[in-house]
Amino acid sequence: LRALLTRHLSWDFGYSQDYQRIYNEETSSTASANIYSTLVYTPSSRLYGRIYLRYETTEGRFSHEYSLGCFITPKVQINANSSFMRSKDMDEMTHALDLNWDIARWSSLRMGYSYSYNHNNTTQKGQNFYVRFLANF
């Protein structure tokens, strides 16, 4: 379901249900349902914001994500993203900053940084820096 609430604001809502049955030594079956919603705000052609929510019944997992993006120039875009996921026995968080430069029709440069945190029985933290150059011939 998609609705255009205003000229700059749209909302998506979805629901899915799955059923799986496995036959082997022990027959097992699982059923799951997913509910998700996205709210997107685009006040101009150069700026957007997005909120994404999702709940998965199988694991009791709830996740939410927040994004901001801006075209600094027609060829340079910067994005910031924060995502969070919580379930019965796990807690995850990721923050990322990404810069994309379309140098020409045949090449682009992308660079960014991300920080992640994961806690279940132990706590893990990670950082990632990257630079990617893409050339199409």
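How many nonpolar, polar and charged residues does the lining of the largest pocket have? The lining has five nonpolar, four polar and two charged residues. Here Ala, Val, Leu, Ile, Met, Phe, Trp, Tyr, Cys and Pro count as nonpolar, Asp, Glu, Lys and Arg as charged, and the others, Gly among them, as polar.

This is a predicted model, in which local features need pLDDT of at least 70 and side-chain atom pairs count only at pLDDT 80 or more, while totals for chains, interfaces and linings use all residues. Residues are numbered from 1 along each chain as its sequence is written, and side-chain values use heavy atoms, with hydrogens and water left out.

Nine strands form an open sheet in the order 1-2-3-4-5-6-7-8-9, and their pairing is antiparallel. A strand is a DSSP run of E with at least two residues, numbered from the N terminus, and two strands pair if DSSP finds at least two bridges between them. Strand 1 (2–4) and strand 9 (123–135) are the edge strands, each pairing on one side only. Within the sheet, strand 6 (residues 76–86) and strand 7 (residues 91–104) run antiparallel and are joined by eleven bridges. Ser82, for example, has His95 in strand 7 as its bridge partner.

Now return to the pocket. A pocket is an open set of points on a 1 Å grid over the protein atoms alone, where a 1.4 Å probe fits, with protein on both sides within 12 Å along at least five of seven lines; lining residues have an atom within 4 Å of a point. Strand 6, strand 7, strand 8 (107–119) and strand 9 each supply at least two residues of the lining of the largest pocket. Among the lining residues are Asn79, Leu97, Asp98, Arg110 and Tyr130.

Two of these residues also meet in a salt bridge: Asp98 and Arg110, at 2.7 Å, N to O. A salt bridge is a side-chain nitrogen of Lys or Arg within 4 Å of a carboxyl oxygen of Asp or Glu. This pair links distant parts of the chain, with Asp98 in strand 7 and Arg110 in strand 8, twelve residues apart. Asp98 counts as buried because its relative accessibility is 9%, and Arg110 counts as partly exposed because its value is 31%. Buried means under 20% relative accessible area, exposed over 50%, and partly exposed in between (1.4 Å probe, protein chains only).

Salt bridges that share partners also join Arg54, Glu56 and Arg61 into one network. Glu56 meets Arg54 at 3.2 Å and Arg61 at 3.8 Å.

Notes. Helices (H or I, at least four residues) and strands (E, at least two) are DSSP runs, numbered from the N terminus.
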